[in-house]
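This report goes through one protein model, from its strand pairs to its nonpolar cores. Please keep the structure in view while reading.

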Amino acid sequence: MIRNPTSIRLSAAISGMFMALSQSSAEQIYFNDFNGPPGSKYPEWSSSTISYSCPMTPTLSGVLPAPIVTNCVSPNRAQIFLGEFGGPPVAAPGEPCFNHFRVDQTVTLTLTNLPAHQSLTVAFDLLILKSWDGNSPTYGPDRWQLRVGTNAPLVDTTFSNNPKVQTEGSYQDSPKAGALQWTGAASTNTLGYKFFGDTTYHFEFTFAHFEPTFALHFSSSLFEGKGSADESWGLDNVRVSSTAK
Ligand SMILES: [Ca+2]
Ligand SMILES: [Ca+2]
Ligand SMILES: [Ca+2]
């Protein structure tokens, strides 16, 4: 078959389109399922110091050293993930302020020498573990935040694994204010945690980004201060992709 000039020009235009599409397709620049032996270290991940404060009188506050970031295995051994985060116990039963500490920790992924790009896509699983209390005025709020560098947060919300919403006000703000516990979860109680269970949320964001270095900050601000046996969180399947156009 002899192709006429119009169809040749058309096919050239179409192949040009595909080239443009392939040039603009996302390139994976980071992925980690953290499935190494539990206790493995990941140098691209770091933690802030852990700060705590109690609003009762007299106010008690302090700062604990930054822990090393490692992975761990779920109680039912079904999943290995990065964590657990949220802070250690900061008071024992009977001590002033027991149960009344706000504990803050930020875990950061830092990537350097990124290829030239104009946007980034970040995807990950967030594991909300044990007795998060959402907006409870007695046991919360239990807050979680995601931020790129010093930008405004991509996520700034509360999570709840506490079904006593009627009596304890333990609603969560994800995906919208006043949501019931577990709302929007990709899965619930798949990890084997006994104390108020566990939920997994999947998040994905795309945002403009040009710089060769990238810092992604995951933060928790939990109220009670009873440590990771009481409420904690983790991350898994963290993926970062870049798009050149
Ligand atoms: Ca994993
Ligand atoms: Ca709790
Ligand atoms: Ca709490």
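Two strands pair if DSSP finds at least two bridges between them. Helices (H or I, at least four residues) and strands (E, at least two) are themselves DSSP runs, numbered from the N terminus. In such a pair, Trp-144 stands opposite Ser-220 in strand 13.

The model is predicted: local features need a pLDDT of at least 70, side-chain atom pairs count only at pLDDT 80 or more, and totals for chains, interfaces and linings use all residues. Residues are numbered from 1 along each chain as its sequence is written, while chains are lettered from A and ligands numbered from 1 in the order in which they are written.

The pLDDT, the predictor's confidence in each residue from 0 to 100, averages 90 over the protein, and 90% of the residues score at least 70. Residues 1-22 have a pLDDT below 50, and this stretch has 1 contact beyond near neighbours in sequence. A contact means that the C-beta atoms of two residues, placed from the backbone, lie within 7 Å.

The protein has 2 helices and 14 strands.

| Strand | Partner | Bridges |
|---|---|---|
| strand 9 (residues 143-148) | strand 10 (residues 155-158) | 4 |
| strand 9 | strand 13 (residues 214-224) | 6 |

A residue is buried if 20 or more other C-beta atoms, placed from the backbone, lie within 10 Å of its own, exposed if 12 or fewer do, and partly exposed in between. Of the 245 residues of the protein, 35% count as buried. Is Cys-72 partly exposed or buried? Cys-72 counts as partly exposed because it has 18 C-beta neighbours inside 10 Å. Cys-72 lies in strand 5 (residues 71-73). Leaving aside neighbours within four places in sequence, its contacts are Pro-38, Phe-81, Gly-83 and Glu-84.

A nonpolar core is a set of buried Ala, Val, Leu, Ile, Met, Phe, Trp, Tyr and Cys residues joined through C-beta atoms within 7 Å. The largest has 28 residues, and Leu-82, Leu-126, Leu-127, Ile-128, Trp-233 and Leu-235 touch the most other members. Strand 8 gives the most to this core, with 7 residues. A second, separate core of 9 residues includes Ile-50, Cys-54, Phe-101 and Leu-222.
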